[in-house]
Amino acid sequence: MVIWCLTPIPSEGLLIIFLRVFGVLNGTAYAWIGSTISSVIIYFIARHFTRIMLGRVASHERFDQVNLWVREWGSWGLLLARLLPVPAFVVNYVAGMIPAITLWSYTWTAVVAMLPYYLGVALVYAGVFGNWIYIIIGCIPLGALAWFGTLLRKRASKSSRSPHDTEQRMPR
């Protein structure tokens with residue numbers, strides 16, 4: 001799972017294999033631990049390549065804007081970004097490049113953001129191969145994540161459409 005999560009290949013198939021081979025509880029735990037370890041490795045990879053990339057780029061204006069936003073919102077802003085329906089691989093690399101994000105805030109938000117998804121998948125899996133009530137219970141965290149992502153996307157699209165907001169954010 002550690003190696004798999006370092007790549008952009010979705011890990012859902014491997015998660016199902018873990019659930020089948022190790023059982024629901026152990027399979028979920030092993031996958032969660034593997035994803036956490038790969039997140040920490042990605043943090044250090046992203047930090048290394050950020051220095052190289054920024055050394056070659058003349059203007060760091062956009063990068064500095066994102067860094068400032070993270071400083072203002074802190075770990076909670078990062079947690080919200082991790083809960084969006086964006087592949088964890090992408091969020092891990094982008095978050096790892098931002099200097100305002102510490103290893104601690106990066107790690108705890110990665111760990112917490114994975115829990116609802118892994119819990120939902122494990123319960124749905126248990127429902128498919130056991131009691132059907134687990135399917136319903138498992139759909140609750142998955143549905144909550146989908147609803148939350150849709151709500152944030154709508155809110156972001158409304159604020160980006162407002163000409164007043166756009167003029168204030170975009171320097172001329």
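The questions and answers below go from the whole chain to single residues.

Author: This is a predicted model, in which local features need pLDDT of at least 70 and side-chain atom pairs count only at pLDDT 80 or more, while totals for chains, interfaces and linings use all residues. Residues are numbered from 1 along each chain as its sequence is written, and side-chain values use heavy atoms, with hydrogens and water left out.

Reader: How many helices and how many strands does the secondary structure come to?

Author: Helices (H or I, at least four residues) and strands (E, at least two) are DSSP runs, numbered from the N terminus. From that terminus on, the elements run α-α-α-α-α-α-α-α, and the count comes to eight helices and zero strands.

Reader: What percentage of the residues of the protein count as buried?

Author: Buried means under 20% relative accessible area, exposed over 50%, and partly exposed in between, with a 1.4 Å probe and protein chains only. The accessible surface, from the Shrake-Rupley method with a 1.4 Å probe and, for residues, only the protein chains shown as cover, comes to about 11000 Å², of which 71% belongs to carbon and sulfur atoms. Of the 172 residues, the buried part is 33%.

Reader: Within what arc do the buried residues of helix 2 fall?

Author: In helix 2 (residues 12–22), the buried residues are Leu14, Leu15, Phe18 and Leu19. Seen down the helix axis, they line one face of helix 2, because they fall within an arc of 145°, where the arc is that of the directions from the helix axis to the C-beta atoms. On the other side of helix 2, Arg20 and Val21 are exposed, while the arc of the buried residues is 145°.

Reader: Which residues make the nonpolar surface patch?

Author: Patches are made of residues with over 30% relative accessible area and no salt bridge, like charges being joined within 9 Å and nonpolar side chains (Val, Leu, Ile, Met, Phe, Trp, Tyr) within 5 Å; a salt bridge is a side-chain nitrogen of Lys or Arg within 4 Å of a carboxyl oxygen of Asp or Glu. Helix 2 gives the largest share of the nonpolar patch, three residues. Phe22 lies in helix 2 and is partly exposed, with a relative accessible area of 40%. The patch covers about 400 Å², and its residues are Ile17, Val21, Phe22 and Tyr30.

Reader: Which residue follows helix 2, with a positive phi?

Author: Phe22 is in helix 2, which ends at residue 22. The phi of the residue that follows is near 90°, and this residue is Gly23.

Reader: With which residues is Ser38 in contact, leaving aside its neighbours within four places in sequence?

Author: Ser38 lies in helix 3 (residues 24–56), and it counts as buried because its relative accessibility is 1%. Leaving aside neighbours within four places in sequence, its contacts are Val2, Cys5 and Leu6.

Reader: How far apart in space are Glu12 and Tyr118, C-alpha to C-alpha?

Author: Glu12 has its place in helix 2 and counts as partly exposed, at 36% relative accessibility. Glu12 and Tyr118 are 106 residues apart in sequence, and their C-alpha to C-alpha distance is 9.4 Å.

Reader: What arc do the buried residues of helix 5 cover around the axis?

Author: In helix 5 (residues 88–97), the buried residues are Val91, Asn92, Ala95 and Gly96. They are on the same side of helix 5, because the arc that they cover around the axis is only 125°.

Technical notes. Contact = heavy atoms within 4.5 Å.
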